[in-house]
Amino acid sequence: MRFYSKDLNLSDDDFELIKIQFEQLFPAKIIENAYANFHWGAVKSTEEAIYQRDLVADGFSQWVHDGCNFDTAPQAIDLVHKWGFGGRGLDKRQVILYDKQHLTNFIKMVMEWKIAEQPTKMSKCLEACLQTPHIKIARFSKWICFIDQTKYAIYDSRVSLALRKIELNNQRVFPTLGAKSQGRPNADFVGATSSAAAVRMSEAYMIYLDLLNSILPDINLSKVADIEMALFMLGMDKSYW
């Protein structure tokens, strides 16, 4: 049963078409094998990569469950960002996230996603955050994912590459994100204004979460984020582009 995308203009039949395409592209064994080979950063083993990821996720989740303190929010944000972006904190443009209004929006989003009772409110909070200059879904989805990896997942450029072939009415369901690496497909156009782009990406993310949650019972993995880690590995296979 859909939860995150249930209020979107997406029929159950169309969602089923999305799910069928995913299952055709990624049989359970493909996902399980890709997860078993997950690696990230400088660590040399899958076990260590997952351990390091979970350590960061636990730290961020603890901040969330302790009440999302405003004063310590930058440290929690930075913890995840340094894990996800080669040890680097937010750059001189992205630190705008620490401005009072943007940080207030961030904390409101995190608290709403922790409660996870009203998907429309969750989506609206994400939309507000996605209008923060210079910070988009690849970053915000990391913070969301680390609230609870059992039901949330990261949506970054490599995941978006893995999902490029899933379409409805000849339109890509999951927008391809830009990346600095040469040879990758260009980012998809998602909106002429920041607000339109935020709505498009928020809706795609809600569908993505419902898709992974619906797939999980049929795969020998324990968390939604495990499927995302598999897609991250598969995204470098050009046959999916």
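Trainee: Which residues is alanine 225 in contact with, leaving aside its neighbours within four places in sequence?

Mentor: Those are Arg53, Cys145, Gln149, Tyr152 and Ala153, where contact means heavy atoms within 4.5 Å. Bear in mind that this is a predicted model, where local features need pLDDT of at least 70, side-chain atom pairs count only at pLDDT 80 or more, and totals for chains, interfaces and linings use all residues. Residues are numbered from 1 along each chain as its sequence is written, and side-chain values use heavy atoms, with hydrogens and water left out.

Trainee: Thanks! Is alanine 225 buried or exposed?

Mentor: Alanine 225 is buried, with a relative accessible area of 0%. Buried means under 20% relative accessible area, exposed over 50%, and partly exposed in between (1.4 Å probe, protein chains only).

Trainee: And where is the place of alanine 225?

Mentor: Alanine 225 sits in helix H10. Helices (H or I, at least four residues) and strands (E, at least two) are DSSP runs, numbered from the N terminus.

Trainee: Switching topic: which residues of H1 are buried?

Mentor: Phe15, Ile18, Lys19, Gln21 and Phe22 are the buried ones in H1. Down the axis of H1 they fall within an arc of 160°, so they line one face of the helix; the arc is that of the directions from the helix axis to the C-beta atoms. Asp13 and Gln24, on the other side of H1, are exposed.

Trainee: What do the buried residues of H1 pack against?

Mentor: They pack against helix H2 (28-36), strand S1 (167-168), helix H9 (194-215) and helix H10 (224-234).

Trainee: At what angle do H1 and H9 pack?

Mentor: H1 and H9 pack at about 60°, and their axes are 10 Å apart. Axes here are lines fitted to C-alpha atoms, for helices over the stretch in contact, and angles run from 0 to 180 degrees between N-to-C directions. From H1, the contact is made by Phe15, Ile18, Lys19, Phe22 and Glu23. On the H9 side, Ile207, Asp210, Leu211, Leu212, Ser214 and Ile215 take part.

Trainee: Nice, and what is histidine 81 in contact with?

Mentor: Leaving aside neighbours within four places in sequence, histidine 81 is in contact with Arg88, Gly89, Leu90, Gln94, Arg139 and Trp143.
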